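Subject: A structure for you to explore

Hello,

Here is the structure I promised to pass on to you. Please open it and have a look around before reading my notes.

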Amino acid sequence: MVHGPRFQLGLVALVQILVLALWFSASAVAPALRADFTLSGTQSVWLTATVQVGFAIGAVASALANLADRIRPNVLIALSAVLGAAATAALALAAHDAWTVLALRLLTGVCLAGVYPPGMKIVVSWLPNARGLALGLVVGALSVGSAAPQLINGLTTLPWRGVLLAAAVLAVVGAAVALAFMRSGPAMRPTRVPDPRYVLRMFADRKQRLVNLGYFGHMWELYALWSWLPAYLAASGAVQGRAGIGVAAFVIAGGCGLVGCLVAGYWADRHGRAYVAMLAMLFSAVSGLLSVAVFDVPWLFLIVLAVWGATVIADSAQFSAALTEVADQEYVGTALTAQTAIGFLVSVVTIQALPVLADLVGWRLAVPLLSIGPLLGAAAMARLRTLVRA
């Protein structure tokens, strides 16, 4: 059934995979970009960090302009995907210096803010009573799509421009699918025009504050790990050769991430979001700490990274779902916008800091320090669980 919940959930997941390939498309070919545009070390780091900043800007602007109410979600997704694809294609075909590259990456992030949140909104409109598993699938699709450029770069001999153009083509296909087939469900309701002052009230409320603190701990770890996973793998010697590193990064971040999101979503709908998010962050933190001990044991190292890849993203959808349950229902849109925007800005800090730290102490010791975020987040979720029970 074209308008059935399962069909629409599958469509949203497919579109996320296709369009989110834009996210790490430049990061996957960072060495070639660094050479062709003479990027400094700082500018190379900003290849991913600018996307995070752009996403935060786009999310806030979209909410304040109430775009999801003025434009049908599937149309907004399609337009954003096409614009993001155009920015990525322009980087491949027309960029002439480092600052142009970074500006186009910032624009890509702004556009992706019109793809991911509306997709989640469509899913909840079809499956409001199974949002944990449903949003888990969407976030899992995000992890697969985000890791797709690593697979393209690892399995093909395309030059860096070809990798970017391939990601742009995938995004255009995703836009066409969204426009032609994606529809909102019967539970879709107009979002109230956001009130920025609600953000202050949100952080004054203990339950919402704890959900957000958990999410910020999650974001402290997630995108820094994803951004620097290829460099981390290369430093370990666990995967030999450029192609092997790209494929391993895709399997760890994409494949394992998808499995983690689905399992966490299934259990969260049955055993509580705070409990599942707490467990995921604890497993993620422990995996990071264990990686120090197995860094020089290739197969064991990859097994630990597989668990890490599954648990680092498993809790992501549950923070969004939990916030929709504890926030003032008149201002859910504002709450989610603030959570997402602040979380992605938090990720900029660790994306920037991790390579600097790695230069000082090595990748073996630098990356496990990301475990600080999920440990603090797990503590927040444990406290939230106690409040919910009370």
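Below are my notes, grouped by topic.

This is a predicted model, in which local features need pLDDT of at least 70 and side-chain atom pairs count only at pLDDT 80 or more, while totals for chains, interfaces and linings use all residues. Residues are numbered from 1 along each chain as its sequence is written, and side-chain values use heavy atoms, with hydrogens and water left out.

Two helix pairs

Helices here are DSSP runs (H or I, at least four residues), numbered from the N terminus. Take α9 (residues 131–155) and α12 (residues 206–236): their axes come within 11 Å and cross at roughly 25°. Axes are lines fitted to C-alpha atoms over the stretch in contact, with angles from 0 to 180 degrees between N-to-C directions. α9 and α12 are therefore roughly parallel to each other (angles under 35 degrees count as such). On the α9 side, Leu142, Ser143, Ser146 and Gln150 meet Tyr223, Trp226 and Pro230 of α12, where contact means heavy atoms within 4.5 Å. Those residues divide into four nonpolar, three polar and no charged.

The second pair is α16 and α17 (residues 332–361), whose axes come within 9 Å and cross at roughly 145°. From α16, the contact uses Phe319, Ser320, Leu323 and Thr324; from α17, it uses Val332, Ala335, Leu336 and Gln339.

Ser316 belongs to α16, which covers residues 316–326. Ser316 counts as buried because its relative accessibility is 8% (buried means under 20% relative accessible area, exposed over 50%, partly exposed in between, with a 1.4 Å probe and protein chains only). Apart from neighbours within four places in sequence, Ser316 is in contact with Val139 and His218.

The cores

A nonpolar core is a set of buried Ala, Val, Leu, Ile, Met, Phe, Trp, Tyr and Cys residues joined through side-chain atoms within 4.5 Å. The largest one has 103 residues, and those touching the most other members are Trp23, Tyr223, Trp226, Tyr232, Leu233 and Met381. Helix α12 gives this core its largest share, 14 residues. Met381 touches several residues beyond four places away in sequence, including Leu210, Ala274 and Phe319.

A loop residue

Which residue has a positive phi, near 50°, without being glycine? That is Thr38, found in the loop between α3 (30–37) and α4 (41–64). Thr38 counts as exposed because its relative accessibility is 66%.

Enjoy exploring!

Note on methods: Parallel < 35°, antiparallel > 145°, perpendicular 65-115°, else oblique. Nonpolar A, V, L, I, M, F, W, Y, C, P; charged D, E, K, R; others polar.
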